[in-house]
Amino acid sequence: MPLAAELSGVAFGYRPGQPVLENVDLGLGEGEFVAVAGPNGGGKTTLVRVLLGLERPSSGKALLFGEPAHRFSGRRTLGYLAQRSQLGADAPATVREVVSAGRLASGGLIGPLRRRDRELVAEAIERVGLQAVADAPLRTLSGGMQQRAFIAKALAGEPSLLVLDEPTTGVDAESQESLAGLLDRLHRELGVTVVYVSHEFGAVERFVQRLVLVRRTIVFDGSPRELPGVWHDPSHVHARD
Amino acid sequence: MLETEFMRLALAAGAVVGVLAPAVGFFLVQRRQSLIGDGIGHVAFAGVAAGILLDVSPVLTALAAAVLGGVVIELLRSRGGTAGDQALALVFYTGIALGVVLVASAGALNVGLFQYLFGSILTITRGDLAVIAGLGAVGLATIGLLYRPLAGLVIDEEGARVAGVPISLLNVAVAALAAVTVALSMRVVGILLVAALMVLPVSAASRVAWSMRSALVLSMAIGLGSALLGLVLAYYADLPPGGTIVLVAAGAFLAALAVGTLRRR
């Protein structure tokens, strides 16, 4: 299977002598649905930032579709939902305005969106089931619906790799289930590679083909069914040592 | 009131700045960078002082200093590993300290300096208005052309960075726009109050707007209304124009806050 992303012998630290990642080897095949889990502070977000080329590893290499991640030529095909949305709670953006921002890299920077871009925006809104509230301000929607809008934004860019960092933070259990089901459906319908990063993987456990547990290095990489029973205990996952 | 040329010129300059300042401020406020205008204003003060010392037009030297200060704030924030508020504080205090030293060297702690600190819209000439209108039109046209990417940064800067959007270039463009706005607004509301006109109309509009686009348009409308009403009030009540304009904008914010709160109940 061709690799969408590959980390080989990667080490990284924000300060000298304080490694956040050590000796990380990871290959993500095209079309896979992978959950990356681990304790808070265990290096999940850093791993994703290195994988997306936002940080350069201090040793080892990070590749995206075979190219060095930091100068990957196909960036417009990367969809990323960051850990915390930067959009202020008072910002008046509508769902459609948020999703339209997903066409920025592909649709050109100058002037209004073209017709084809507007169609793709409408399609992405429909895929996540928000067509009834497409022109409603985001701040009037629930946390789960807001996350759906940001997923639609990532989809509007027609991504080949979709990375979601803690997409269920601040979302109730029912919405977490619903989001996980949505991601499973999108993965099957679009064939896009999905990387779901969370300190808690219960919501997507039955959908993902592969689970990667990170605690400075990769401590488990396989099917969720192969995971030792003790790892399913959240207290075990959250413990640092 | 309109029979006097100084009021006609003041109203025209106030209208340009009233529209431009919130239009630029919109992209700062929505990204929680409201105080950048203030920081750039303090660097502009150093520029004014340099102009007085060198006997060059203080508006031109303020414009150059403001653009430089805006770009430095952005570079420190994005590349220097300095937190946004620290980058701002560094430029803020260096600017004001440099200004004080230059002003003292020029022996210019007088009324001439105060017109830049507190504004002097009633002394604007036709030449000043031509510069304000010309640069204002360029600023508004730039915002019109770059509206989508600038709105995209407000919505999700990190997502745009991953997708390869030239974030640094856009951030420098915003900083340069803010600097031009500060330099143009100096004569209207003064360096000490310029940021208020970039922030208050946007904060007011955000309370009652139903989309980003409507918030931007409402911000500009509130800025325009504040500038014109403030000038008229100042004329008839014999008040300082800069302060009156900003107080009207603050009143608009309180009114919008009340409307927004009532609507949510």
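Residues are numbered from 1 along each chain as its sequence is written, while chains are lettered from A in the order in which they are written. Local features need pLDDT of at least 70 and side-chain atom pairs count only at pLDDT 80 or more, whereas totals for chains, interfaces and linings use all residues.

Let's begin with confidence in chain A. Its mean pLDDT (the predictor's confidence in each residue, from 0 to 100) is 84, and 91% of its residues reach 70 or more. Where pLDDT is low, the predicted coordinates should not be read in detail. Helices (H or I, at least four residues) and strands (E, at least two) are DSSP runs, numbered from the N terminus.

Next comes the sheet of chain A. Four strands form an open antiparallel sheet in the order S2-S1-S4-S5, where strands pair if DSSP finds at least two bridges between them. Strand S2 (21–29) and strand S5 (67–68) of chain A are the edges, each pairing on one side only. Six bridges link strand S1 (residues 3–12) of chain A to S2(A), and A:Val10 stands opposite A:Val24 in S2(A).

Chain B has 11 helices and zero strands. Its radius of gyration (over C-alpha atoms; the globule rule is 2.2 Å times the number of residues to the power 0.38) is 18 Å, close to the 18 Å that the rule gives for 265 residues, so chain B is as compact as a globular protein of that length. Along its principal axes, the C-alpha trace of chain B spans about 50 × 45 × 30 Å.
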